[in-house]
Amino acid sequence: MRITNIEPVLAGGRYLFVKVHTDEGLTGLGECGAWAYQEATAGVLKQMEKMIMGMDPMRTEFIWNALNRNLHFRGSVTQAAVSGIDIALWDLKGKYFGVPCYELMGGKVRDKIRIYVNARGRDGKELAAEAKKLTDQGFKAIRFSIGHPEDENKRCGESFTALVTRVEESMRLIREAVGWDIDVAVECHRGLRPAEAIELGRALDPYRPYFYEDPIPDNPEAMEGVIRQCRIPVATGERFVNPIEFDSLMTDTDVRYIRPDMCVAGGLTAGKKIAAQAEVKGVYVIPHNPLGPVSTAACLQLDACIPNFEVQEYPMSNGNCRLDREMKTPFKVENGYIILPDQPGIGIELIDHIEEVFPFKGSYGGVHLHEDGSVVDR
């Protein structure tokens with residue numbers, strides 16, 4: 001069997017799916033995760049097609065090494081392309097042997113995958129009401145974002161004291177709404193300065209947050225200072241694009257949870273390597289998953305076969321994805337878990353002609369400003 005072509009499929013708000021075709025008619029499905037650079041990544045996919053055309057798709061480790069070690073430049077766009085191809089090759093291999101990918105990566109160590117979902121709201125009261133609604137549906141772990149209020153001119157000018165007070169109040173209201181048997185994580189999306197992150201972490205500590213996600217931008221030395229000076233377990237790494245970055249993070253800091261993204265960090269091949277690095281250091285894995293069905297399916301395959309899995313981000317339905325309408329057979333969710341799919345490969349099929357049902361719109365982010373006109377991190 002030989003690779004004949006790589007087909008990029010742009011769809012929806014920010015999807016770039018990948019189909020790897022072969023001369024035997026077998027096709028593998030993957031997804032690329034550099035979601036603000038979809039068209040650029042699609043171009044890279046066609047360049048990589050020239051490198052691996054005619055290769056045996058069963059040689060996943062060889063192809064992963066070839067794409068990672070023979071490119072002159074590196075970065076999120078190229079790694080997203082590598083990731084999409086790698087996931088598709090694992091999907092293809094699983095289909096060839098008639099087994100889920102996790103069977104080819106050591107076999108499953110669990111039957112179902114614990115998930116967390118996002119509570120959304122404009123203020124603490126709305127967040128608490130949404131959190132209560134989700135827990136009433138059976139979810140045992142939720143996450144809320146600290147948010148970044150803007151004025152009428154779209155400027156972010158919240159003071160240090162106001163920020164800490166507002167988020168602490170939101171956490172208090174959520175905890176009162178859901179009780180103490182529910183895990184509540186806090187998402188900062190790299191929007192805090194180290195001093196803010198430390199003080200907010202101390203303020204939130206009495207409410208026992210599950211984890212403190214991306215409190216500051218990706219700076220291992222500054223992150224270690226945050227970790228050392230507040231007691232909440234930190235989870236970070238969603239923007240990392242290779243196993244080396246994760247090794248540095250786990251070596252140089254006391255991070256407790258890492259967040260590899262299967263669609264940008266190097267696919268399932270990289271995911272297995274990163275999880276093994278973490279396992280020997282006593283660090284647990286919370287895969288990043290902001291996309292849709294293929295990203296989720298790839299995460300589930302890794303979650304199934306690593307001992308140090310913690311919990312899986314599950315996007316459900318929001319402005320960027322509709323898992324219930326994009327897959328031929330949706331995931332089976334029961335009491336805060338996804339029942340592990342047992343179909344071959346990554347275990348799912350997209351609806352036919354998804355690019356026509358959900359035409360590509362693109363999602364490109366933007367520039368966020370402080371009230372004084374300077375750029376703020378997001």
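So, surface first: the protein chain exposes about 16200 Å², and carbon and sulfur atoms supply 49% of it. Those areas come from the Shrake-Rupley method with a 1.4 Å probe, and for residues only the protein chains shown count as cover. Before I go on, this is a predicted model, where local features need pLDDT of at least 70 and side-chain atom pairs count only at pLDDT 80 or more, while totals for chains, interfaces and linings use all residues. Numbering runs from 1 along each chain as its sequence is written, and side-chain values use heavy atoms, leaving out hydrogens and water.

Okay, overall dimensions. The C-alpha atoms fill a box of roughly 60 × 45 × 45 Å along the principal axes.

As for secondary structure, we have 13 helices and 15 strands, which are DSSP runs numbered from the N terminus (helices H or I, at least four residues; strands E, at least two).

Let's look at helix H7, residues 194-204. Its buried residues include Glu 196, Ile 198 and Leu 200. What do the buried residues of H7 pack against? That would be helix H6 (160-178), strand S7 (183-187), strand S8 (212-213) and helix H8 (220-229). Contact here means heavy atoms within 4.5 Å.

Next, Thr 60, over in helix H2 (residues 60-69). Thr 60 counts as buried because its relative accessibility is 5%. Its side chain makes a polar contact of 3.1 Å with that of Lys 93. For the cut-offs, that's a pair of N or O atoms within 3.5 Å; within protein, one must be able to donate a hydrogen and the other to accept it, and residues adjacent in sequence count only if both atoms are side-chain atoms. Not counting residues up to four places away in sequence, Thr 60 also touches Asp 86, Leu 89 and Trp 90.

Last one: Arg 110, in the loop between helix H4 (101-104) and strand S4 (112-119). The Arg 110 side chain reaches the backbone oxygen of Asp 303 at 2.6 Å, and a polar atom of that side chain lies 2.8 Å from the backbone oxygen of Ile 306. Phe 309 is 199 residues away along the chain, yet its C-alpha is 9.8 Å from that of Arg 110.

Conventions:
Buried < 20%, exposed > 50% of the residue type's maximum accessible area, 1.4 Å probe, protein only.
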